Amino acid sequence: MKRFLVSALVIFAMLAVVTSGAFAQSKKTVTIWNYWETPKHQETLARVCKDFNSSQDKIEVVTKYIPFADFKKQLSIGAAASELPDIAIIDNPDHASYSAMGIFADITDKLASWPDLKQYFEGPLNSCKLNGRLHGIPFGSNCLSLYYNEDMLKAAGAKPPKTWDELKSVALKTTKGNVHGFGISSVQNEEGTFGFLCFLWGSGNTSFQIGNANGIRALSLVRDLVKSGAMPKEVINWTQGDVMNQFISGNLAMMVNGPWQVPTMRQQAPNLKWNVVLLPVGAIPASDLGGENFGVVKGDKVDEAIAFLKFVANPAEMKTYINDFGYIASRRDVAATQFTDDPIMKVFAAQMASAKPRGPHPRWPEISDALSLAMNEAITGVATPEAAAAKAQKTIDTIINTK
Amino acid sequence: MSLSRERATQKRLALPRIAGRDRAGTRMNRLRRYFRHGNIGYLFVLPAITYMVLLVGYPIVSNFILSIQDVTVTTLNALGKPLVGLRNYQTLLADGVLQRSIGNTFLFTVCCIVFQFAIGFALALLFNMGFPLAKPIRGLLMIPWMIPMTVTALMFKFMFSSNVGIINQFLQACGIIKSPVEWLLEPRSAMFSLIVANIWIGIPFNMILLSTGLTTIPNHVKEAAAMDGASKWQSFLFIIVPMLKPVIESVLILGFIYTFKVFDLVFVMTNGGPVNSTHLLSTYSYKLSFVLFKYSQGAATANILFLILLAVSIFYLKFIYDDRRAE
């Protein structure tokens, strides 16, 4: 009897698989790659896809998670082996590189008559373009601001810094024992560049200038912070997540980080008293525009992919997920309705006014590598800010001057 | 090799018979004759050769072609990829990071091999003494070899951390150092930390192979030496080492190859940092290809690694061949 039951179950299961397969074939499947590692992000993305799948019966959207560290590799291998998703949710400075690789479709003409395009902020939308042609649309944006531990600053009798000089002195005042005054992720990759650019741009430079006095000033700032002991040298091995963990463990009095950490911090450290202010200003206010874009991959499912993008870009739908991501909407009409009762997120929204996109340049990864290398040389003391700046400028010049 | 000798004997035996049939001269006969001559061996190696050509030969050739082209983000999907000859190699050899990577790779390999081999040999001798629990303990010592490399690398990364790492805490508690050492934050000490981690991983491999080798040395040889008044040291130097020579050669050369192409340990522990000071050829090749999208330069770096290992392998094969001939 038992055996009969088992075989009946197996047959039933097989039938179920076969029939569901048959049903699935009548729909077109659109695969989305993403690298969001927090459960909250995955849940929300899955919910949005479910909304879309139940809203119509022609397209089935499925998501696939690929770790950030592997993402670029998988995409470029996929390009060589023609095994690509239909949509990739990618870091905005990489968009131009992948468009140049020929991975993404030019959707300028297909979206020409779409009225919503005008609602998008210019910075994020430009990061989707290569030579003026649109290869995707923005997902959502974020930027960096300064977090501080209220108790630690109060104990040191300090106020949140507004300028670079104040940053140095407050950081030094709050450094005591195991506590360091300031931390910013400075790993030698895109993550480190992301943070450092706030200083480089704050000095008045563009992404492609570092060899001048401004660039040296930005590098000297990080060097001085480490030299005085206010910033641990270990920041060169800390990701943004590591910096956040150090902050909520009470090892850092201030940190530079993004709004996507807010949900996690509220959950993991409910008793910690912290606040967020605009980044200290060097010469001009500056922050780094982060966030993701939807890249539409070339192939026979471009129209289906665009149908999905139009669905998630719909203001009504966007309002259901963008806050859960801790992102600021890339559309003006949605962004205006966000965070009206959240003072912390309001700071990030205000910081967006001074946030700039990185690059865009098809060889941005190489430029980024030169910048993060210079920053690491200054932090570790392997080279003086002057020497590091000169070397990085030489590398960048070779990249932007050769075609 | 013995195959040719065998063929020669077969030829001698088979010739008279075949000479008679040869006049019939059909194709079938010729085929049969061809295989009877011992050439059937080629048929047996055919699957292996096909496998090698497809899965080993093709990537090598394709990688070489990639390395003499100029393939970057902008040309990846273009139809005609520009050929640039050896320019990628020239650019790389003038590149400070590559020079440093080559130096690092050799330093890493030599240091690791020397210590892994010495410690592994000492442990093999120790466990060969056959004290109680020798076998289970030797089994336990295999653990470092079995743990996934990523796990080991993460563990050492934590242990070498300057603020919370156990190594600094231990050294401070013993009073050996006063302030924390920045193990992974200084170029030299970061390289040192990588070498220490890899030695730990490689000891079991050396130990188990040498230990197996030791069991093949008959006891009576050692006993005879002891009877003749050889000291422990003399019996080690003049009996054990010479009898283990084939094993020692294999261990050293395999160890060299394994260590030379280490990737995951460095990738996880330092990712070539701080300031590109701990890149090995393998990690630098990865960075060029998949971080900076300079595919051709990445391929060229991989080829440099390949050429060095090829030279070592030829050396190894020659060693084995000479040994066989000597026997």
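## Helix packing in chain B

Helix 4 of chain B and helix 9 of chain B are oblique to each other. The model is predicted. Helix 4 spans residues 96-128 of chain B, and helix 9 spans residues 187-215 of chain B. Their axes lie 6 Å apart and meet at an angle of about 40 degrees. Angles under 35 degrees would count as roughly parallel, and 65 to 115 as roughly perpendicular, so this pair falls into the oblique class.

The crossing of helix 4 of chain B and helix 9 of chain B is right-handed. What classes of residue make up the contact of helix 4 of chain B with helix 9 of chain B? The contact has 18 nonpolar and eight polar residues. No charged residues take part in this helix contact.

## Domains of chain B

Chain B has two assigned parts: domain 1 covers 2-67 and domain 2 covers 87-326. The C-alpha centres of domain 1 of chain B and domain 2 of chain B are 41 Å apart. Domain 1 of chain B brings four residues to their contact, and domain 2 of chain B brings seven residues.

On the domain 1 side of chain B, two of the touching residues are nonpolar and two are polar. That side has no charged residues.

## Contact between chains

How many residues of chain B are in contact with chain A? Chain B supplies 18 residues, and they meet 24 residues of chain A. The chain B side of this contact holds eleven nonpolar residues and six polar residues.

Technical notes: Residues are numbered from 1 along each chain as its sequence is written. Chains are lettered from A and ligands numbered from 1 in the order in which they are written. This is a predicted model: local features need pLDDT of at least 70, side-chain atom pairs count only at pLDDT 80 or more; totals for chains, interfaces and linings use all residues. Domain bounds come from an automatic or database domain assignment. Two residues are in contact if their C-beta atoms, placed from the backbone, lie within 7 Å. Ala, Val, Leu, Ile, Met, Phe, Trp, Tyr, Cys and Pro count as nonpolar, Asp, Glu, Lys and Arg as charged, and the others, Gly among them, as polar. Axes are lines fitted to C-alpha atoms, for helices over the stretch in contact, and angles run from 0 to 180 degrees between N-to-C directions. Helices (H or I, at least four residues) and strands (E, at least two) are DSSP runs, numbered from the N terminus. Angles under 35 degrees count as roughly parallel, over 145 as roughly antiparallel, 65 to 115 as roughly perpendicular and the rest as oblique. A crossing is left-handed if the near helix is turned anticlockwise from the far one by less than a right angle, and right-handed if clockwise.
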